Amino acid sequence: MQKYSGFGLLKHALSHHENWQRVWRNPVPKKKYDVVIVGGGGHGLATAYYLAKVHNITNIAVLEKGYLGGGNTARNTTIVRSNYLWDESAKLYEHAMKLWEGLSQDLNYNVMFSQRGVLNLGHTLQDMRDISRRVNANRLNGIDGEVLDPQQIKEIVPMMDCSDRPRYPIMGASWQPRGGVARHDAVAWGFARAADALGVDLIQQCEVVDFIIEDGAATGVRTKTHGSISADRIGCVTAGNSSVMAKMAGFKLPLESHPLQALVSEPIKPILDTVVMSNHVHGYISQSDKGDLVIGAGIDGYNGYGQRGSYHTIEHTVQAIVELFPVFSRVRMNRQWGGIVDTCPDACPIISATPVENLFFNCGWGTGGFKATPGSGHVFAETLAAGEASEMAKPFSMFRFHDGALIDEHGAAGVAH
Amino acid sequence: MFYIFCPHCEEHREEEEFHAAGQAHIPRPLDPEACSDKEWGEYLFFRDNPRGIHHELWVHAVGCRKFFNITRDTQTYEIKEVYKVGEKPKFTAVSETGADLKSSLKAQESAT
Ligand SMILES: Cc1cc2nc3c(=O)[nH]c(=O)nc-3n(C[C@H](O)[C@H](O)[C@H](O)COP(=O)(O)OP(=O)(O)OC[C@H]3O[C@@H](n4cnc5c(N)ncnc54)[C@H](O)[C@@H]3O)c2cc1C
């Protein structure tokens, strides 16, 4: 792998940047691998990278039906935070946060991780009680957090309407200074490049259409374009398509796939240097380095695989944003899109063994898995290498929906992204 | 944006008046106490989540507030039909458990 550096940039400038090495190979798949990862989003690529780097398993293929990072990884609003309520999830997301903090160095790829802070606003007394509870829980878990009053919020985001004019005035917020955003494409590409350098085969345009299962154990996959590929272990990391994949393997998951939409404005001058989220009026916003306002909200209520949702969902989102920031009322929106998110009943992921031996699933991240990308990959790699759930993955077994040990982030923290 | 025919109001209304309430035709176990953890868990949490034909329960939330079913394609979003609770769909898909809809409808009938 050609190492990226400031010096390299200067050197390549002399040849007009025409001699850069390809970022990854485009190999023909082998007949057999130690591990096959289905799904080349951020989580699948991170899994392959940590398998190779931490566990020395390099005979790996990542099979992606479209292009690398073209699923939810390319469609999300890139908010990263770790202030979850329950111990199990807080540990998992904080594990990811620590990896984020050194990720650009580790991958030798600038993932543009920017710890600009995340505000979660409260608009009711109950919101504020929940926020205090969550911030206290976070601190006990060693995660940074503060409860702010409207005056303190105003100091951070002067142009937000913190008066009592709005229908739902802002009563306070939780503030995680280490939260922020990262560049979604760079995350996928950085993991892909680093995994490729360690010998991982990245196979694009290769849809998995079935699992090969003998005596209750998975021994490989059938693909649409490249025939059958055998594997000792298979990790399925297919986000919104996971229920369809589980059906191929003959079991059900407690997931529903919903459209989740986002939109960006025309680029404007720097105006917002932090991330603002509100579960109550239901909208969240940040400004990208390019200058566009990046806006998102909740899922469309129906199941959908169409990567698009309904117009009124966007309208509600924008209403919430304009209520918080009247100054944005005349900003024009540029683009809008949708992804398919795999929502889980307790709003926590599934990192799990399955009823089929040697087949593992990492899914259910729903509306909020981008922030977990390095942590998810790290924990899933450990699980695949050992052939059983790692310590951090254990609480996230799919079988928690049988024994009732849910990790109820939904009810408790009202988590959005 | 869907334009949905409410079979109770007998009118087409905009999607905003409605609320999607998840998968239709889920029979409540007749004797919950007799269920194993697995059976009860599957009843509560495990859902068909097909890419394609799906039977869904909707409620006309800000209209007549009554429930009804829709058969819809989750890939193209085309609404195939609308029918009242208790009626049978004309378009059926094989359910994800392998059991077809007919047997789950049957189970539902005996449950109600
Ligand atoms: C609009 C929107 C906003 C969001 N905002 C945030 C946010 O602010 N913060 C946050 O933390 N999270 C956010 N999320 C959630 C986040 O995007 C996801 O949880 C995360 O990106 C999932 O990563 P992944 O790698 O598992 O999935 P994906 O990137 O979707 O990757 C799955 C891959 O599997 C491939 N695949 C599927 N089926 C097959 C098959 N049969 N064979 C081969 N390949 C297959 C797909 O093509 C896809 O590339 C948002 C999501 C959306 C849609």
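**Entry 1: a cut-off first.** I call a residue buried when its relative accessible area is under 20%, exposed when it is over 50%, and partly exposed in between. With that in hand I turned to B:Glu17, which counts as buried because its relative accessibility is 18%. Its salt-bridge partner is B:Arg13, at 2.9 Å from N to O. B:Arg13 has 31% relative accessibility, so I noted it as partly exposed. A reminder to myself: this is a predicted model.

**Entry 2: chain B as a whole.** I looked up the elements next and found two helices and six strands in chain B. Read from the N terminus, their order is β-β-β-α-β-β-β-α. Chain B has 112 residues, and 38% of them count as buried. I also checked contacts in chain B with a separation of 6 or more: residues 24 or more positions apart account for 49% of these. The accessible surface of chain B is about 6400 Å², with 50% belonging to carbon and sulfur atoms.

**Entry 3: where chain B meets chain A.** How many residues does each chain bring to the contact? I noted 28 from chain B and 30 from chain A. About 2500 Å² is buried between the two chains, and carbon and sulfur atoms give 54% of that. I found one salt bridge across this interface. The pair is A:Lys252 and B:Asp48, with the closest N and O atoms 3.1 Å apart. Polar contacts between the chains come to 16 residue pairs. On the side of chain B that touches chain A, the elements giving two or more residues are strand S3 (19–23), helix H1 (37–45) and strand S4 (53–59) of chain B. H1(B) gives the most, with five residues. By type, that side of chain B divides into nine nonpolar, eight polar and 11 charged residues.

Entry 4: Side chains of opposite charge can pair when their charged atoms come close. A:Arg25 sits in the loop between helix H1 (6–14) and S1 of chain A, and A:Asp196 in helix H8 (residues 184–197), so the pair ties together parts 171 residues apart in sequence. A:Arg25 is partly exposed at 37%, whereas A:Asp196 is buried at 10%.

I then looked up A:Asp346 and A:Arg400, whose side chains meet in a salt bridge at 2.8 Å, N to O. A:Asp346 lies in the loop between strand S16 (333–343) and strand S17 (350–353) of chain A, while A:Arg400 is in helix H12 (residues 400–403), 54 residues apart. Are these two buried or exposed? A:Asp346 is buried, at 0% relative accessibility, and A:Arg400 is buried too, at 2%. I also jotted down a network of salt bridges that links A:Glu94, A:Lys98, A:Glu101, A:Asp144 and A:Arg178.

Entry 5: A:Ile37 belongs to strand S1 (residues 32–38) and is buried, with a relative accessible area of 0%. Its contacts include A:Leu51, A:Val62, A:Val237 and A:Leu384. The C-alpha atom of A:Ile37 is 9.5 Å from that of A:Ala231, 194 residues apart along the chain.

A:Asn138 is buried, with a relative accessible area of 1%. Leaving aside neighbours within four places in sequence, A:Asn138 is in contact with A:Asn83, A:Tyr84 and A:Ile143.

Key: Residues are numbered from 1 along each chain as its sequence is written. Chains are lettered from A and ligands numbered from 1 in the order in which they are written. This is a predicted model: local features need pLDDT of at least 70, side-chain atom pairs count only at pLDDT 80 or more; totals for chains, interfaces and linings use all residues. Side-chain values use heavy atoms; hydrogens and water are left out. Contact means heavy atoms within 4.5 Å. Buried area is the accessible area (1.4 Å probe) that two parts lose on being put together, summed over both. A salt bridge is a side-chain nitrogen of Lys or Arg within 4 Å of a carboxyl oxygen of Asp or Glu. A polar contact is a pair of N or O atoms within 3.5 Å; within protein, one must be able to donate a hydrogen and the other to accept it, and residues adjacent in sequence count only if both atoms are side-chain atoms. Helices (H or I, at least four residues) and strands (E, at least two) are DSSP runs, numbered from the N terminus. Ala, Val, Leu, Ile, Met, Phe, Trp, Tyr, Cys and Pro count as nonpolar, Asp, Glu, Lys and Arg as charged, and the others, Gly among them, as polar. Buried means under 20% relative accessible area, exposed over 50%, partly exposed in between (1.4 Å probe, protein chains only). Accessible areas come from the Shrake-Rupley method with a 1.4 Å probe; for residues, only the protein chains shown count as cover.
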